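These are my notebook entries on one structure. I record what I looked up, entry by entry.

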Amino acid sequence: MSTATWTLEQIPDLSGRRALVTGVTGGLGRHTALELARHGAEVVMAARSDERLREAMDTVRRTVPTARLVPVLMDLADLGSVRRAADELRPLGPVHLLVNNAGVMATPNRRTVDGFDLQMGTNHFGHFALTGLLLPQLLAEGTRVVTVSSLMHRLARRVSLTDPRVPRPHYKKWVAYSESKLANLLFAFELDRRARAAGWQLESLAAHPGYTSTNLIRAGLRMDGGSSGQSVLEGATRLLAQSAAQGALPLLMAATMAELPGGSYVGPGGPGEVRGHPKLVGASRPARNEQTAAAFWSLSEQATHVYYPSGVSAT
């Protein structure tokens with residue numbers, strides 16, 4: 001595998017390929033959708049707000065007038081919405097690339113429509129259900145699934161294996177966020193193990209954007225009515241964070257670099273993985289725990305009522 005700096009110029013021609021990107025109204029998702037469209041892919045752009053989704057599509061079309069875009073409304077915090085979106089997408093045919101990008105960060109103690117913690121429900125359970133519901137389309141011609149995690153996954157020592165509808169005491173928003181990002185990696189790596197064990201034409205990878213300037217932090221803090229530390233966080237972000245376009249590079253490398261094997265994790269290559277050109281990076285020990293991943297997978301199936309084909313766990 002080449003160790004040269006990866007750039008957008010290395011994205012191959014994606015004509016004839018169909019990609020689905022969640023969370024396209026944010027900077028990472030929008031830039032990911034833009035570059036996939038620029039390189040010829042038909043891009044299904046998924047978001048929960050119709051108005052903001054149309055704005056995101058207009059932004060892509062201003063840069064790529066020939067872009068082939070398909071809108072789909074989907075709220076990952078509502079499994080009913082995820083099922084309706086999957087039903088709507090079924091007539092499209094094969095999906096060659098799925099980028100599980102959408103997420104929320106540092107939100108107050110709120111629950112999803114289905115009773116999950118808002119961060120775990122949106123960031124993990126919604127994407128787990130979406131991927132499972134789309135599996136026949138993902139396997140039709142072979143696919144790559146990229147799930148977006150975060151540096152913050154390293155702060156989580158575990159994920160809860162108890163009923164996710166039962167609120168945990170002493171809610172801490174940053175702990176909840178970190179655990180949801182650990183969940184993203186457990187899912188990505190377990191999906192790849194299961195795909196290989198079953199002989200599926202599916203590669204599952206993960207990526208993280210480092211410290212990137214997006215609306216994610218501000219949106220979470222606004223839900224909580226703001227905080228005394230909000231201006232400090234926003235100031236640090238303006239000073240230290242890389243742009244959303246730069247932050248999207250690890251996602252795009254994971255999505256399009258053919259030489260990357262399933263189970264790879266891509267992030268910025270600078271000090272501390274905070275910024276810089278993308279490269280293969282490491283994950284925490286809990287994220288690589290196969291027993292935890294298998295148990296959490298079973299819990300996710302029971303919680304979402306989305307069951308993947310059985311008998312294919314590598315553990």
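I take a residue as buried when its relative accessible area is under 20%, and a helix here is a DSSP run of at least four residues in state H or I. With those terms set, I looked up helix α10, which spans residues 249-256. I found eight of its eight residues buried, so by the cut-off of under 20% the helix is mostly covered. The buried residues of α10 are L249, P250, L251, L252, M253, A254, A255 and T256.

Entry on confidence. I note that the model is predicted. The mean pLDDT of the chain is 92, and 89% of its residues reach 70 or more. I then looked at residues 311-315, where the pLDDT is below 50. In the model this stretch has 15 contacts beyond near neighbours in sequence.

Entry on V21. I located V21 in strand β1, which covers residues 18-22. Is V21 buried or exposed? I read a relative accessible area of 0% for V21, so this residue is buried. I next listed the contacts of V21, leaving aside its neighbours within four places in sequence. The list holds G29, T32, A33, L36, V43, V44, M45, A46 and V99. For one of these, A46, I also looked up the C-alpha separation from V21, which is 6.1 Å, although the two residues are 25 residues apart along the chain.

Entry on aromatic rings. How many aromatic pairs does a search of the whole structure find? I recorded nine. Among them is the pair of F116 and F125, which is tilted, with 4.5 Å centre to centre and 35° between the planes. I checked the accessibility of both partners. F116 is buried at a relative accessible area of 1%, and F125 also counts as buried, at 1% relative accessibility. I also noted a cluster in which ring pairs link F128, F187, W297 and Y308.

Entry on a charge over a ring. I found the charged end of R288 sitting over the ring of F189. The distance from the ring centre is 3.7 Å.

Entry on the second largest pocket. I read a volume of about 390 Å³ for this pocket. Which elements give two or more residues to its lining? I listed α4 (118-133), α6 (173-198) and α11 (290-304). The largest share, three residues, comes from α6. In total the lining has 22 residues. Of these, D117, S160, R168, A176 and E179 lie nearest the centre of the pocket.

Where does E273 lie? I placed E273 in the loop between β7 (265-268) and β8 (278-280). E273 counts as buried because its relative accessibility is 16%, and the cut-off for buried is under 20%. H305 I placed in the segment after α11. With a relative accessible area of 53%, H305 is exposed, since exposed means over 50%.

How values were computed. Residues numbered from 1 in each chain as written. Predicted model: local features only at pLDDT ≥ 70, side-chain atom pairs only at ≥ 80, totals over all residues. Heavy atoms only, no water. Buried < 20%, exposed > 50% of the residue type's maximum accessible area, 1.4 Å probe, protein only. Contact = heavy atoms within 4.5 Å. Phe/Tyr/Trp six-rings, centres within 6.5 Å; stacked < 30°, edge-to-face > 60°. Lys NZ or Arg CZ within 6 Å of the ring centre and 35° of its normal. pLDDT = per-residue confidence, 0-100. 1 Å grid on protein atoms, 1.4 Å probe; cavity = no way out; pocket = protein on both sides within 12 Å on 5 of 7 lines; lining within 4 Å. Points joined across faces, edges and corners; volume = space filled by probe spheres on them.
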